[in-house]
Amino acid sequence: MTGHDLDSESVVVVGAGFGGLSAACHLADAGADVTVLERREALGGVAGRIERDGFRFDAGPSWYLMPEVFERFFGRFGRHPEDYYDLTRLDPNYRVFWKDGDRADVPADRPGQRALFESYESGAADALDSYLEGAAEAYEVGMEQFVYEDRPRLRDWLDPRLLRAARGLALLGSMDEHARDFFDHPKLRQLVEYTLVFLGGSPYNTPALYSLMSHVDLNEGVYYPDGGMASVVDALADLGRELGVTYETGREVTGIERLGDGLLVTTDDGALEADRVVSNATPAYTERELLPPDGRDRDPDYWESRTYAPSAFLLYLGVEGGLEELEHHTLVLPTDWRPHFESVFDEPAWPEDPSYYVNVPSRTDDSVAPEGHGTVVVLVPVAPGLDDGPEVRSRYRETVLDDLAEHTGVDLRDRIVVEESACVTEFADIGYPEGTALGLAHTLRQTGPFRPGHRASAMDGLYYTGSFTTPGIGVPMCLIGGEHAAGAVIEDVANEGESGLLPSLDLRASG
């Protein structure tokens, strides 16, 4: 997407999450005059950084998965990720504590993974090979045909050539049903299903296509960018500056409306005129808060009827002493996690026996905590829309810290020197419907062409990107979504240019 397709175009990008940062880079590389407006004082959106008293926390995403997507992104501009940050491959990928007292480290290498699976179930090593072979095929076909290719219309997905390419992909069954075809032991099914949390789904409502996430985890590996995921935000911002992008932080967009030959973007510090606008704010927030009624594609009932990915109860803890019992990535799981998923998707309630994730980047990176201390982030997936008032959050904090001490042997309660938290309210405050932490869940009816696309129908020149649009949730998906949004802009400008030539050609022919 290099060149000067957009030399005469000005584009405002609303919001500096990964989707917006990606779109800005692609648009600037195509020649556009790009300005990114971010209401916070720092770039990154939910992928920001919390810094306090020598501790640094990734506020949002903390798993660096799908490294080839990052290679591909930077490669589009003649760069490499290592031009901006260093990567460490983690081994083990993560540690699991089950609440029956069992514990397992998931190795980075296939022989170690085979041995682990075989230790739980005879024949599971070979079943793992077979499962991952299918997951790799799902990944290859899914990425090339469904993700890297933007297919905004249902008919694009019904192309016979695409259907032939997608042979063997179990699109309709659930992930749990698919995993049961390979593994009887419930713990092994948990090991191949937990990655669905990154997509905001559950094993019981997410299509089996997303077995591709097991390929991402067990075949491609888990990495850590030195300095945390915020270093990747910094890298995209630096790349954008090299390409000519202007960033204005602390400037909140308050409205988007039509002009005769473009759009007017109003902010709390004056207005900007632009030929195009790409909104990295959620479509729901953009429609409700920024657009006039006749510029909205969907009525409020649409957003109220969606299935949202979980919100999250997050504790950011700076603690004294070592944390050897925990790995960089640690999962704490009940042997039966169905009740937790039911409390998120079916009957919203605070999980009584929670499944949760613990991130300890200080196990890998000394720079994120003062000497003799550790940085810990605890994330419990919870239902969006829950009441998370101060008393509720205080009680649940004690529940989680008690649970962590009981099942991992790590009692943090008297070691905490820095503490921050986030939950439903904080995500709702940044415009995420019902306080979801991620976006629209990847249910069958919210996958592919059933997700909001990148073009706004009711307002020419407006585009969307981010985790509520295609291809979906997660940092790699948002990088690709930003590319898609920029591609839609380039395609529309080219089409308008061609149509604009027709009258003069006709006049010459008739003259």
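This is a predicted model: local features need pLDDT of at least 70, side-chain atom pairs count only at pLDDT 80 or more; totals for chains, interfaces and linings use all residues.

Colleague: How many nonpolar, polar and charged residues has the contact of α2 with α10?

Modeller: The contact of α2 with α10 has seven nonpolar residues, no polar ones and no charged ones.

Colleague: At what angle do helix α2 and helix α10 pack, and how far apart are their axes?

Modeller: Helix α2 covers residues 67-75 and helix α10 covers residues 230-243; they pack at an angle of about 15°, with axes 12 Å apart. That angle makes α2 roughly parallel to α10. The crossing of α2 past α10 is left-handed.

Colleague: Now to α1. How do the axes of helix α1 and α10 cross?

Modeller: Helix α1, residues 18-29, has an axis that comes within 9 Å of the axis of α10, and the two cross at roughly 20°. That makes α1 roughly parallel to α10. Here, too, the crossing is left-handed, with α1 passing α10.

Colleague: Which residues of α1 and α10 make the contact?

Modeller: On the α1 side they are F18, L21, S22, C25, A28 and D29, and on the α10 side V232, V233, L236, L239, G240 and L243. By class, the contact of α1 with α10 has nine nonpolar, two polar and one charged residues.

Colleague: A change of topic: why is helix α8 largely enclosed by the rest of the structure?

Modeller: Helix α8 spans residues 186-193, and seven of its eight residues are buried, so it is largely enclosed by the rest of the structure.

Colleague: Which residues of α8 are buried?

Modeller: The buried residues of α8 are K187, L188, R189, Q190, L191, V192 and E193.

Colleague: Finally, the single residue. Where is S311 placed?

Modeller: S311 is in strand β14, which covers residues 311-320.

Colleague: Is S311 buried or exposed?

Modeller: S311 has a relative accessible area of 2%. Buried means under 20%, so S311 counts as buried.

Colleague: And what lies 2.7 Å from a polar atom of the side chain of S311?

Modeller: The backbone oxygen of G435 lies at that distance from the polar side-chain atom of S311.

Notes
Residues are numbered from 1 along each chain as its sequence is written. Side-chain values use heavy atoms; hydrogens and water are left out. Helices (H or I, at least four residues) and strands (E, at least two) are DSSP runs, numbered from the N terminus. Buried means under 20% relative accessible area, exposed over 50%, partly exposed in between (1.4 Å probe, protein chains only). A polar contact is a pair of N or O atoms within 3.5 Å; within protein, one must be able to donate a hydrogen and the other to accept it, and residues adjacent in sequence count only if both atoms are side-chain atoms. Axes are lines fitted to C-alpha atoms, for helices over the stretch in contact, and angles run from 0 to 180 degrees between N-to-C directions. Angles under 35 degrees count as roughly parallel, over 145 as roughly antiparallel, 65 to 115 as roughly perpendicular and the rest as oblique. A crossing is left-handed if the near helix is turned anticlockwise from the far one by less than a right angle, and right-handed if clockwise. Ala, Val, Leu, Ile, Met, Phe, Trp, Tyr, Cys and Pro count as nonpolar, Asp, Glu, Lys and Arg as charged, and the others, Gly among them, as polar. Contact means heavy atoms within 4.5 Å.
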